[in-house]
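Biologist: Please take a close look at one part of this model, the pairing of its aromatic rings. A connected account, with the cut-offs stated, would be appreciated.

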Amino acid sequence: MQTTTSNVNPSIAAQLTRRIYRASDLISSRWQWRLFILVLVFNDLLLTGLAFRAAYYVRFQAPLHIFQEDAFDSFYFYQRVGLLMIPAWLILFAMIGLYHRKNLLGGTQEYSLVFNATTLGLMAVVAVGFLLPDFVLARAWLLLAWVFVFLFTATGRFLLRRVV
(Lines give C-alpha, C1' and ligand atoms only; values in the text may rest on other atoms or scores of the structure.)
Protein backbone atom coordinates (compact mmCIF):
# COMPACT_ATOMS: atom_id res chain seq x y z
CA MET A 1 0.00 0.00 0.00
CA GLN A 2 1.37 3.37 -1.02
CA THR A 3 1.43 6.06 1.65
CA THR A 4 1.14 9.73 0.70
CA THR A 5 0.60 12.87 2.71
CA SER A 6 -2.89 13.21 1.28
CA ASN A 7 -5.62 10.82 0.24
CA VAL A 8 -5.29 11.75 -3.44
CA ASN A 9 -3.53 9.37 -5.77
CA PRO A 10 -0.42 11.16 -7.14
CA SER A 11 -1.21 10.19 -10.73
CA ILE A 12 -4.72 11.63 -10.45
CA ALA A 13 -3.33 14.83 -8.94
CA ALA A 14 -0.82 15.11 -11.78
CA GLN A 15 -3.57 14.61 -14.38
CA LEU A 16 -5.74 17.25 -12.71
CA THR A 17 -2.83 19.70 -12.61
CA ARG A 18 -2.14 19.14 -16.33
CA ARG A 19 -5.81 19.78 -17.15
CA ILE A 20 -5.81 23.01 -15.15
CA TYR A 21 -2.67 24.21 -16.94
CA ARG A 22 -4.18 23.30 -20.33
CA ALA A 23 -7.35 25.24 -19.47
CA SER A 24 -5.31 28.27 -18.42
CA ASP A 25 -3.41 28.11 -21.73
CA LEU A 26 -6.72 28.59 -23.57
CA ILE A 27 -7.22 32.01 -21.98
CA SER A 28 -4.60 34.67 -22.61
CA SER A 29 -2.82 36.29 -19.71
CA ARG A 30 -4.55 39.59 -20.41
CA TRP A 31 -8.00 37.98 -20.17
CA GLN A 32 -7.01 36.08 -17.04
CA TRP A 33 -6.13 39.41 -15.38
CA ARG A 34 -9.40 40.95 -16.54
CA LEU A 35 -11.34 38.01 -15.17
CA PHE A 36 -9.44 38.21 -11.88
CA ILE A 37 -10.17 41.94 -11.55
CA LEU A 38 -13.85 41.32 -12.33
CA VAL A 39 -13.94 38.65 -9.61
CA LEU A 40 -12.23 41.10 -7.22
CA VAL A 41 -14.82 43.80 -7.93
CA PHE A 42 -17.64 41.31 -7.32
CA ASN A 43 -15.89 40.08 -4.16
CA ASP A 44 -15.48 43.63 -2.84
CA LEU A 45 -19.07 44.52 -3.71
CA LEU A 46 -20.49 41.48 -1.96
CA LEU A 47 -18.28 41.66 1.11
CA THR A 48 -18.72 45.41 1.55
CA GLY A 49 -22.49 44.94 1.56
CA LEU A 50 -22.14 42.06 3.99
CA ALA A 51 -19.93 44.21 6.23
CA PHE A 52 -22.55 46.98 6.37
CA ARG A 53 -25.21 44.41 7.24
CA ALA A 54 -23.01 42.84 9.92
CA ALA A 55 -22.35 46.29 11.40
CA TYR A 56 -26.09 46.89 11.58
CA TYR A 57 -26.64 43.54 13.27
CA VAL A 58 -23.90 44.06 15.86
CA ARG A 59 -24.95 47.64 16.58
CA PHE A 60 -28.73 47.29 16.71
CA GLN A 61 -29.75 43.63 16.94
CA ALA A 62 -27.07 41.85 18.93
CA PRO A 63 -27.77 41.67 22.66
CA LEU A 64 -24.89 43.96 23.57
CA HIS A 65 -25.63 46.62 26.16
CA ILE A 66 -22.56 48.73 25.51
CA PHE A 67 -24.32 50.90 22.93
CA GLN A 68 -26.68 53.78 23.52
CA GLU A 69 -30.24 52.42 23.50
CA ASP A 70 -32.11 55.42 22.07
CA ALA A 71 -30.24 55.68 18.74
CA PHE A 72 -32.19 55.81 15.48
CA ASP A 73 -32.22 52.21 14.26
CA SER A 74 -34.32 52.06 11.11
CA PHE A 75 -33.20 49.03 9.10
CA TYR A 76 -34.41 50.58 5.85
CA PHE A 77 -32.49 53.80 6.49
CA TYR A 78 -29.22 51.94 7.08
CA GLN A 79 -29.94 49.65 4.15
CA ARG A 80 -30.29 52.67 1.85
CA VAL A 81 -27.18 54.27 3.30
CA GLY A 82 -25.28 51.03 2.77
CA LEU A 83 -26.53 50.72 -0.80
CA LEU A 84 -25.28 54.27 -1.48
CA MET A 85 -21.97 53.65 0.26
CA ILE A 86 -21.10 50.42 -1.56
CA PRO A 87 -20.50 52.08 -4.97
CA ALA A 88 -18.67 54.93 -3.23
CA TRP A 89 -16.40 52.41 -1.50
CA LEU A 90 -15.73 50.60 -4.80
CA ILE A 91 -14.90 53.91 -6.48
CA LEU A 92 -12.50 54.65 -3.62
CA PHE A 93 -10.94 51.22 -4.04
CA ALA A 94 -10.42 51.95 -7.73
CA MET A 95 -9.03 55.43 -7.06
CA ILE A 96 -6.58 54.06 -4.47
CA GLY A 97 -5.41 51.48 -7.02
CA LEU A 98 -6.85 48.27 -5.67
CA TYR A 99 -7.76 47.09 -9.17
CA HIS A 100 -4.42 47.94 -10.81
CA ARG A 101 -2.36 44.92 -11.75
CA LYS A 102 0.80 46.23 -10.07
CA ASN A 103 -1.00 46.38 -6.69
CA LEU A 104 -2.60 42.95 -6.87
CA LEU A 105 -1.20 39.75 -5.41
CA GLY A 106 1.50 41.83 -3.74
CA GLY A 107 1.11 40.85 -0.12
CA THR A 108 0.88 43.40 2.63
CA GLN A 109 0.88 46.34 0.22
CA GLU A 110 -2.55 45.30 -1.03
CA TYR A 111 -3.92 45.08 2.51
CA SER A 112 -2.41 48.45 3.31
CA LEU A 113 -4.26 49.92 0.33
CA VAL A 114 -7.50 48.28 1.50
CA PHE A 115 -7.01 49.84 4.93
CA ASN A 116 -6.27 53.26 3.41
CA ALA A 117 -9.34 53.08 1.17
CA THR A 118 -11.68 52.05 3.97
CA THR A 119 -10.29 54.76 6.24
CA LEU A 120 -10.75 57.35 3.50
CA GLY A 121 -14.33 56.14 3.07
CA LEU A 122 -14.95 56.52 6.80
CA MET A 123 -13.55 60.05 6.72
CA ALA A 124 -15.74 60.92 3.73
CA VAL A 125 -18.87 59.78 5.58
CA VAL A 126 -17.83 61.77 8.66
CA ALA A 127 -17.30 64.84 6.45
CA VAL A 128 -20.75 64.41 4.90
CA GLY A 129 -22.17 64.20 8.42
CA PHE A 130 -20.56 67.54 9.27
CA LEU A 131 -21.70 69.20 6.05
CA LEU A 132 -25.27 67.88 6.27
CA PRO A 133 -26.44 68.20 9.88
CA ASP A 134 -29.68 66.30 9.13
CA PHE A 135 -27.67 63.24 8.04
CA VAL A 136 -27.20 61.39 11.32
CA LEU A 137 -25.68 57.94 11.61
CA ALA A 138 -24.97 55.94 14.71
CA ARG A 139 -21.28 56.40 15.39
CA ALA A 140 -20.89 52.82 16.55
CA TRP A 141 -22.45 51.56 13.32
CA LEU A 142 -20.05 53.67 11.30
CA LEU A 143 -17.00 52.45 13.22
CA LEU A 144 -18.17 48.85 13.04
CA ALA A 145 -18.78 49.23 9.31
CA TRP A 146 -15.25 50.60 8.86
CA VAL A 147 -13.71 47.67 10.75
CA PHE A 148 -15.89 45.06 9.06
CA VAL A 149 -15.35 46.42 5.54
CA PHE A 150 -11.61 46.25 6.07
CA LEU A 151 -11.67 42.79 7.64
CA PHE A 152 -14.14 41.27 5.18
CA THR A 153 -12.54 42.66 2.01
CA ALA A 154 -9.00 41.89 3.18
CA THR A 155 -10.04 38.34 4.05
CA GLY A 156 -11.83 37.94 0.72
CA ARG A 157 -8.76 39.13 -1.16
CA PHE A 158 -6.54 36.83 0.90
CA LEU A 159 -8.73 33.84 0.03
CA LEU A 160 -8.82 34.81 -3.66
CA ARG A 161 -5.03 35.02 -3.62
CA ARG A 162 -4.93 31.45 -2.32
CA VAL A 163 -7.22 30.35 -5.15
CA VAL A 164 -5.01 32.04 -7.74
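**Aromatic ring pairs**

Modeller: F148 and F152 are separated by about one helical turn, because they stand 4 residues apart in helix α5 (helices are DSSP runs of H or I with at least four residues, numbered from the N terminus). The model is predicted, so that local features need pLDDT of at least 70 and side-chain atom pairs count only at pLDDT 80 or more, while totals for chains, interfaces and linings use all residues. Residues are numbered from 1 along each chain as its sequence is written, and side-chain values use heavy atoms, with hydrogens and water left out.

Over the whole structure, the search returns 4 aromatic pairs (rings of Phe, Tyr and Trp, the last by its six-membered ring, with centres within 6.5 Å; planes under 30 degrees apart are stacked, over 60 edge-to-face, the rest tilted). The pair of F52 and W89 is edge-to-face, because the ring planes stand at 85°, with the centres 5.5 Å apart. F52 and W89 are both buried (under 20% relative accessible area with a 1.4 Å probe and protein chains only; exposed is over 50%, partly exposed in between).

For F148 and F152, the ring centres are 5.5 Å apart and the planes lie at 15°, so this pair is stacked. F148 counts as buried because its relative accessibility is 16%, whereas F152, at 24%, counts as partly exposed. Elsewhere, F115, W146 and F150 are joined by ring pairs into a cluster.

Methods:
Helices (H or I, at least four residues) and strands (E, at least two) are DSSP runs, numbered from the N terminus.
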